[in-house]
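Student: I've got a model open and I'd like to talk through a few spots in it. Can we go step by step?

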Amino acid sequence: MAVNTARPAATTSHQHVRPVAPRRMPRLKTVFVAAAAYVIALIFLFPYVVMLLTSLRAQDSLREVTFWPKEWVWSNLANFWTSGLAGNLWVTLKVAGGSTVLVLLVALPAAYYSARHDFRGRTAFLILVLITQMFQPTAMLVGIYREFYQFGLVDSVWSLILVNAGFNLAFAVWILNAYFASIPRELEEAAFIDGNGRFGALFRITLPLAMPGVITALIFTFIAAWNEFVVALTLTTTPENQPLTVALNSFIGQYQVDWQNLFAGSVIATIPVIILFALIERKVVGGLTAGSIK
């Protein structure tokens, strides 16, 4: 009888272990750039920290040289809602939101048409849009007030919405035009072959791809309308119709300034913008760099 001399199969298997690459130390240039970025960020954030700490100080401790308050007065932030400024915050939300919606409704079709059609005077139109961005509301304040006075829109939220939308429209058209131009036309042509019309291709293909540019125009328009002061101070007279930027000016008197309540209102006014920017800041970078890479 033949004897089976074959060796038994191995019952254990050896796993392949990849060697761990040694972690490289960052270069000196990278460390220097990162350190400089943190220093610049701290410089810009320091006034906001001082504003927050001042809003939590007591009235008799405002002149103290200590950086941290000895007594934390959280009631300063609560006084914002009992002082009537909550209504002014709502006016600011309506002005900023209405201006943003109006800008997008006008800028989207204008930017899309100028990016997709080589009509006569297209270059002149874009240059004219850029030139209008150079005009400041302060330089035309008298004319703006007289125009809205003739139409009976002084001391109205609609006047602030129209002015803020008008002065932010040029930037939105320019940003969206660059982003629409960076999207290949072949994508829309493929949508036409699939049976989509012009509006179907716009809403299903082009607009989703251009969303970073739309968000960039949105947030810049919203922040500009949120922070506007001079036009709102001129066109509004009653405290109920004034945005928060103007209402906070009431804490500045002729002989003294209510610093803790002024800074408490400023902190609350800053929070919505910070939240909005934190939610969509990733899209903003893509919208600002649209068209820079070919």
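This is a predicted model: local features need pLDDT of at least 70, side-chain atom pairs count only at pLDDT 80 or more; totals for chains, interfaces and linings use all residues.

Student: Which residues is Thr236 in contact with, leaving aside neighbours within four places in sequence?

Tutor: Start with where Thr236 sits: in the loop between helix 10 (230–235) and helix 11 (244–247). With close sequence neighbours left aside, the contacts are Asp155, Leu160, Asn241, Gln242 and Pro243.

Student: Does Thr236 count as buried or exposed?

Tutor: The cut-off for buried is under 20% relative accessible area. Thr236 has 3% relative accessibility, so this residue counts as buried.

Student: How far apart in space are Thr236 and Ser159, C-alpha to C-alpha?

Tutor: Along the sequence, 77 residues separate Thr236 and Ser159. In space, their C-alpha to C-alpha distance is 9.1 Å.

Student: What about Ser156: where does a polar atom of the side chain find a backbone nitrogen?

Tutor: Ser156 is in the loop between helix 5 (141–150) and helix 6 (157–181), and is buried at 17% relative accessible area. A polar atom of the Ser156 side chain lies 3.2 Å from the backbone nitrogen of Trp158.

How values were computed
Residues are numbered from 1 along each chain as its sequence is written. Side-chain values use heavy atoms; hydrogens and water are left out. Helices (H or I, at least four residues) and strands (E, at least two) are DSSP runs, numbered from the N terminus. Buried means under 20% relative accessible area, exposed over 50%, partly exposed in between (1.4 Å probe, protein chains only). Contact means heavy atoms within 4.5 Å. A polar contact is a pair of N or O atoms within 3.5 Å; within protein, one must be able to donate a hydrogen and the other to accept it, and residues adjacent in sequence count only if both atoms are side-chain atoms.
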